[in-house]
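Welcome! Take a moment to look over the chain, and then let us walk through some of its features together.

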Amino acid sequence: MASRLAARGFDLDIAAFQSLEAERKTVQTRTEELQARRNQLSKAIGQARGKGEDASALMAEANGIPAELATNEHRLADVQARMNAFLLAVPNLPHESVPAGRDAEANVEVRRVGTPRTFEFPVRDHVDVGTALGGLDFDTAVKIAGARFSLMKGPVARLHRALAQFMLDVHTAEHGYTEVYAPYIVNADSMRGTGQLPKFEQDLFKVPHNDGHMYLIPTAEVPVTNIVRDSIVPLDQLPLRFVCHTPCFRSEAGSYGRDTRGMIRQHQFDKVELVQIIHPDRSYAGLEELTGHAEAILQRLGLPYRVMTLCTGDMGFSAAKTYDIEVWLPGQDAYREISSCSNFEGYQARRMQARFRDDKGRPQTVHTLNGSGLAVGRTLVAVLENYQNADGSVTVPAALRGYMGGMERIAAA
């Protein structure tokens, strides 16, 4: 276990774990001994009294147990809390098929689909394209909220909405997902369940609420996966497939200086999220399937992309294996991430106590998967850049025209 965690850059403190476990065993054993002795004494006192014998010595011993038991129960709760905090900070184990590596340089390309378009005019990025159309207004967004926000207007805003509706329709009608409308604000238990807490609290927007606080969701993965928290899903209902369109909120702590131009890295953005709750024996086949569902959107839109297997050092904290789908952006002359599709195996499910009963009726941990199908804002970026024309207009992809009232081209007013 330690060597597999080391492959993803995590140094498991084995000595600290062993110390905590030894302390837990010692305290728990003594607590159980005291509980057993208390029961024995209670029975012995009753028997002595029934026989008319002197039970004072037994009672004296029994009277001393509650204080020590209370102390040990408090110590046990404390060491269990420290053990839980220790384990919550340990990332998931990488699947054996994940390539070893320290960073994105070691990610492995799986496939490329589509050929980037050759332009006969100087290519502009989405900021210049969208601004010239009167559809992107970053200056006003800064005035309203600050940096890393965007304001969309007119046909560009409609195109953004069309993309989300198109994705939802494909995933529900063709890929078998059930559409979900979920809360945008969740409690700490939900964040812990999917692995955002405690490690990534600085990346979240925290909202004061009554005497505590809640969190704006960083992705629909959080509320949707937590549907099965503290549940036992009937075997015949697996797999569960959910799709959810939500705004996502991220503080982007530590990312300043990166992707400051345009819509690539925002505090608020929309995503259509795919979630599967699946039998462990099917989870890796499910990951391939889910990734294919996300790819289908790019294929329908005619956007070139590639699929990358993330290495051990570049995977997310909770993932056992991740594919990144990267779309071609001619304005950056590069492929950029538009979806991450991950298998978390039982990692999230253990945190959430999400289970199913096997064919023998025994509770077992489900596996959880999710992936963007797709990030709506980044898909808009890709459409604006890949479908731009020399006169500044943007051709509407054929798959979206029914959602755009038949509009075939967006041009400046």
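## A pocket and its lining

The residues lining the second largest pocket fall into 8 nonpolar, 4 polar and 3 charged. This is a predicted model, so please read everything below as computed from that prediction. The pocket itself holds about 320 Å³ of space. Its lining is made of 15 residues, and those closest to the centre are Leu 87, Val 90, Pro 91, Tyr 347 and Arg 350. Which helices each give at least two residues to this lining? They are helix 3, spanning 56–88, and helix 10, spanning 347–352.

## Salt bridges

Side chains of opposite charge can pair when their charged atoms come close. In this model the count comes to 21 salt bridges. Three of them are set out here, with the distance between nitrogen and oxygen.

| Pair | N to O distance |
|---|---|
| Glu 61 and Arg 37 | 2.9 Å |
| Arg 306 and Glu 109 | 3.5 Å |
| Asp 189 and Arg 192 | 2.6 Å |

Start with the side chains of Glu 61 and Arg 37, which meet in a salt bridge. Glu 61 belongs to helix 3 and Arg 37 to helix 2 (residues 14–50), so this pair ties together parts that are 24 residues apart in sequence. Are these two partners buried, exposed or partly exposed? Glu 61 is partly exposed, with a relative accessible area of 36%, and Arg 37 is partly exposed as well, at 30%.

Next comes the salt bridge between Arg 306 and Glu 109. This pair links distant parts of the chain, with Arg 306 in strand 9 (residues 305–309) and Glu 109 in strand 1 (residues 108–113), 197 residues apart. Arg 306 has a relative accessibility of 18% and therefore counts as buried, while Glu 109, at 35%, counts as partly exposed. Both residues also belong to a network of salt bridges that links Glu 109, Arg 112, Arg 306 and Glu 326.

Asp 189 is partly exposed at 38% relative accessible area. Arg 192 counts as partly exposed too, with 33% relative accessibility.

How many residues separate Arg 30 from Glu 73 in sequence? They are 43 residues apart along the chain, and their C-alpha atoms are 9.6 Å apart in space.

## Covered and uncovered places

Now turn to helix 11, residues 376–386, which is mostly covered: 11 of its 11 residues are buried. Among them are Val 376, Leu 380, Val 383 and Leu 384, along with the charged residues Arg 378 and Glu 385.

For a contrasting view, look at Tyr 181, Tyr 184 and Ile 185, which make a nonpolar surface patch of about 330 Å². Ile 185 is part of strand 3 (residues 185–186). With 37% relative accessibility, Ile 185 counts as partly exposed.

Most residues other than glycine have a negative phi, and most peptide bonds are trans. Where does this model depart from that pattern?

One runs from Leu 197 to Pro 198, with omega near 5°, and Pro 198 is placed in the loop between helix 7 and strand 4 (206–209). Another joins Leu 238 and Pro 239, where omega is about -5°. Pro 239 is found in the loop between strand 6 (231–233) and strand 7 (240–249).

Asp 230 is not a glycine, yet its phi is positive, at about 55°. Asp 230 lies in the loop between helix 8 (221–225) and strand 6, and at 57% relative accessibility it counts as exposed. Glu 345, also not a glycine, has a positive phi of about 50°. Its place is in the loop between strand 11 (334–343) and helix 10.

Note on methods. Residues are numbered from 1 along each chain as its sequence is written. This is a predicted model: local features need pLDDT of at least 70, side-chain atom pairs count only at pLDDT 80 or more; totals for chains, interfaces and linings use all residues. Side-chain values use heavy atoms; hydrogens and water are left out. On a 1 Å grid over the protein atoms alone, a cavity is a set of points where a 1.4 Å probe fits but cannot get out, and a pocket is an open set with protein on both sides within 12 Å along at least five of seven lines; lining residues have an atom within 4 Å of a point. Grid points are joined across faces, edges and corners, and a volume is the space filled by probe spheres set on the points. Helices (H or I, at least four residues) and strands (E, at least two) are DSSP runs, numbered from the N terminus. Patches are made of residues with over 30% relative accessible area and no salt bridge: like charges are joined within 9 Å, nonpolar side chains (Val, Leu, Ile, Met, Phe, Trp, Tyr) within 5 Å. Accessible areas come from the Shrake-Rupley method with a 1.4 Å probe; for residues, only the protein chains shown count as cover. A salt bridge is a side-chain nitrogen of Lys or Arg within 4 Å of a carboxyl oxygen of Asp or Glu. Buried means under 20% relative accessible area, exposed over 50%, partly exposed in between (1.4 Å probe, protein chains only).
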